[in-house]
Amino acid sequence: MRRNWKIRIFIGLAIVAFAYIQRCTNKEENPYTGRVQNISMSTDQEIAIGLQSAPQIAQQYGGLYPNDNYQAIVDQVGNKLVNNSIAKETPYKYEFHLLADDQTINAFALPGGQVFITYALFSKLNEAQLAGVLGHEIGHVIGRHSAERIAEGNFWKTVSMGASVGADAGDIVGSIGQNTLLTNGREDELESDDLGVLFMLRSGYDPLEMIRVMEILKEAAGPNRVPEFKSTHPDPDNRIEQIKSAIKKYENQF
Ligand SMILES: [Zn+2]
């Protein structure tokens, strides 16, 4: 019995060690943001995941908005941001989708370039504010945030497997893992706001409109606030401070 226990600890530690080594070897510098990230998938895989999940996600928001004129505006602003920024030099395939949902205020990006905005949010924005939202979402794509979160999730899964083999403490490690994911999510939002401001400036939009977007999101907060926003988006007030410093940082370059 005792010997068996020792073997289990050994196997558990070996699995945890394996997870750490894998994490260290998966480090790579993002050529577009300069940030070093843990990523275990190729850009082709990111594009494939995005394309594969896009129809299903669109369905959850009532499918695509039926008015082609509004969709054309979303395409026009989205493509303008891509063509005037480093996003154009990436291998990603950008597509901007206007979703029919007129109740849920939301926008999001899938890995590889699939970007979505609900009609509920679209209808509250002027062109520059739309550019702010789409620029932020393009920031998630080139920041490779989904791929990073998937790699992080796999790391914690392996660690918790090792821990549960060794000491049946998988739940404890599992909860640390979840916290880590949330913390990363907040940093992702701030990096995307920063890139969004840069993309707005490059396309000739007033970056102060990004602050107005935050105010619109804040006004939308309340009993009808969607859980996605609550869990993954930091408080709009914090974001406004960060956006102000991003504007200061980039303003002189234009
Ligand atoms: Zn975001």
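How many residues lie between β4 and β5 in the hairpin that they form? There are 4, and Gly112 in the turn has a positive phi of about 90°. The structure is a predicted model, in which local features need pLDDT of at least 70 and side-chain atom pairs count only at pLDDT 80 or more, while totals for chains, interfaces and linings use all residues. Residues are numbered from 1 along each chain as its sequence is written, and side-chain values use heavy atoms, with hydrogens and water left out. Helices (H or I, at least four residues) and strands (E, at least two) are DSSP runs, numbered from the N terminus.

Among the bridge partners, Glu95 goes with Gln114, Leu98 with Ile117 and Leu99 with Thr118. On the other hand, β4 and β5 pair in the antiparallel sense, over 3 bridges. In that pairing, Ala107 stands opposite Ile117.

Next comes the question of how much of the sheet is covered. A residue counts as buried under 20% relative accessible area, exposed over 50%, and partly exposed in between (1.4 Å probe, protein chains only). In β5, 5 of the 5 residues are buried, so the strand is largely enclosed by the rest of the structure. Both of its faces are covered, with Gln114, Phe116 and Thr118 buried on one side and Val115 and Ile117 buried on the other. For β3, 4 of the 5 residues are buried, so this strand too is largely enclosed by the rest of the structure.

Then there is the metal. The zinc ion is held by His136 (NE2), His140 (NE2) and Glu189 (OE), at 2.0 to 2.2 Å. Written along the sequence, the donor spacing is H-x3-H-x48-E. His140 sits in helix α5 (residues 127-142) and Glu189 in helix α7 (residues 170-202), so this pair ties together parts that are 49 residues apart in sequence. Both His140 and Glu189 are buried. Donors are N, O and S atoms within 2.8 Å of the metal (3.2 Å for Na, K and Ca), and sites may look incomplete because water is not among the atoms.

His140 also turns up in the lining of a cavity. Rolling a probe the size of a water molecule over the atoms shows where empty space is left. On a 1 Å grid over the protein atoms alone, a cavity is a set of points where a 1.4 Å probe fits but cannot get out, and lining residues have an atom within 4 Å of a point. Two or more lining residues come from each of α5 and α6 (145-167), and α6 gives the most, with 3 residues. By class, the lining has 5 nonpolar, 4 polar and 2 charged residues (Ala, Val, Leu, Ile, Met, Phe, Trp, Tyr, Cys and Pro count as nonpolar, Asp, Glu, Lys and Arg as charged, and the others, Gly among them, as polar).

One lining residue deserves a second look. Arg144 is found in the loop between α5 and α6, and is buried at a relative accessible area of 6%. Most residues other than glycine have a negative phi. Arg144, though not a glycine, has a positive phi of about 55°.

Ile11, in helix α1 (residues 2-25), is partly exposed at 39% relative accessibility. Ile11 and Val165 are 154 residues apart in sequence, yet their C-alpha atoms are 7.2 Å apart.

Notes
1 Å grid on protein atoms, 1.4 Å probe; cavity = no way out; pocket = protein on both sides within 12 Å on 5 of 7 lines; lining within 4 Å. Pairing = 2+ DSSP bridges.
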